[in-house]
Amino acid sequence: MTRLLLLAALFVPGPAGAESLSGKRKELVEIQKQVESKKREIDEFRRQEYDLHRDLSKLKDRTEESRRRMSEIESRIRDSETKKGALRARLGALQLAEGRWRGVLEEELRGYQRYPAADLAIYGRAGLWEESFRRAAILEKVQYLEGVQGTRKTTEAAEVEARRVAAALQAKGQGARAEHKTRESLYQR
C-alpha cells in the first residue's frame, strides 16, 4: 500500500506534486515509526504474559506442595492422637494392675507377719518349706510389681513424648494451613 502511495505521488504533476511527495514521505516515515513502536509494545506484552504464566505455574506448584504437606501433617497428627490414646489405655491398665498387685502383696505380707519364724519351728520341716515358698512368692510378686512400675514409668514417658510430638505437629499444621492460605490468595490474585 505504501508503494501505491509513492507511485501516486510520483505521477502528481509539478511543484505541488513534489511537496505532496515530501509530505507523504514524512507521513510514511511517521507511520513506520508507529508500526515499530506497536511491535515493541506487542513484544513487551508477550514477554509479560510469558512471565505471568511462568509465575502462575510456580505458584500452582507451591500451592499443591503446601496442600500435600498439610495433608501429610494432618495424617501424622491423627497417628499421634491414636498413639496417645493407646498409651493412655495402656497406662490405665498398668496403674490398675499395679494397684491390684500392690494390694495382693500387702495382704501376703500381713499374712506372713501373722506367722512368726519362731512358731514355724514347732511345725518341723514342712513349715520350713512353707516358709520358703511364701518368701519366694512374695519376692516374685515384688519383682513383678517392680516390672509393672518400670513399664508404667516408660509408658508415662512415651505418653509425654507423644503429647509433645502432637503439639509440635499441631503447630506445624497451623503453619502449613497459614502458608496454604497465603499461596491460595496469591494464586487467586
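Guide: A residue is called buried when its relative accessible area is under 20%, exposed when that area is over 50%, and partly exposed in between, with a 1.4 Å probe and protein chains only. By that criterion, 19% of the 189 residues of the protein count as buried. The model is predicted, so that local features need pLDDT of at least 70 and side-chain atom pairs count only at pLDDT 80 or more, whereas totals for chains, interfaces and linings use all residues. Residues are numbered from 1 along each chain as its sequence is written, and side-chain values use heavy atoms, with hydrogens and water left out.

Visitor: What makes the pattern of the protein α-α-α-α?

Guide: Helices are DSSP runs of H or I with at least four residues, strands are runs of E with at least two, and both are numbered from the N terminus. The protein has 4 helices and 0 strands, and reading along the sequence gives α-α-α-α. Helix 4 covers residues 125–188 and holds Glu159; Lys141 and Thr155 also lie in helix 4.

Visitor: Why does Glu159 count as buried?

Guide: Its relative accessibility is 7%, and the limit is under 20%, so Glu159 counts as buried.

Visitor: What makes the pairing of Glu159 with Arg88 a polar contact?

Guide: The term requires a pair of N or O atoms within 3.5 Å; within protein, one must be able to donate a hydrogen and the other to accept it, and residues adjacent in sequence count only if both atoms are side-chain atoms. The side chains of Glu159 and Arg88 make such a contact at 3.4 Å. In the wider sense of contact, which is heavy atoms within 4.5 Å, Glu159 touches Leu87, Arg88 and Leu91, with residues up to four places away in sequence not counted.

Visitor: Why is Lys141 called buried?

Guide: Lys141 has a relative accessible area of 18%, which falls under the 20% limit, and therefore Lys141 is buried. Apart from neighbours within four places in sequence, Lys141 is in contact with Trp101, Val104, Leu105 and Glu108.

Visitor: How do you know that Thr155 is buried, and which residues does Thr155 touch?

Guide: The relative accessible area of Thr155 is 2%, so this residue is buried. Not counting residues up to four places away in sequence, Thr155 touches Leu87, Arg90, Leu91 and Leu94. Although Thr155 and Leu91 are 64 residues apart along the chain, their C-alpha atoms are separated by 6.3 Å. The side chain of Thr155 also reaches the backbone oxygen of Thr151 at 2.7 Å.
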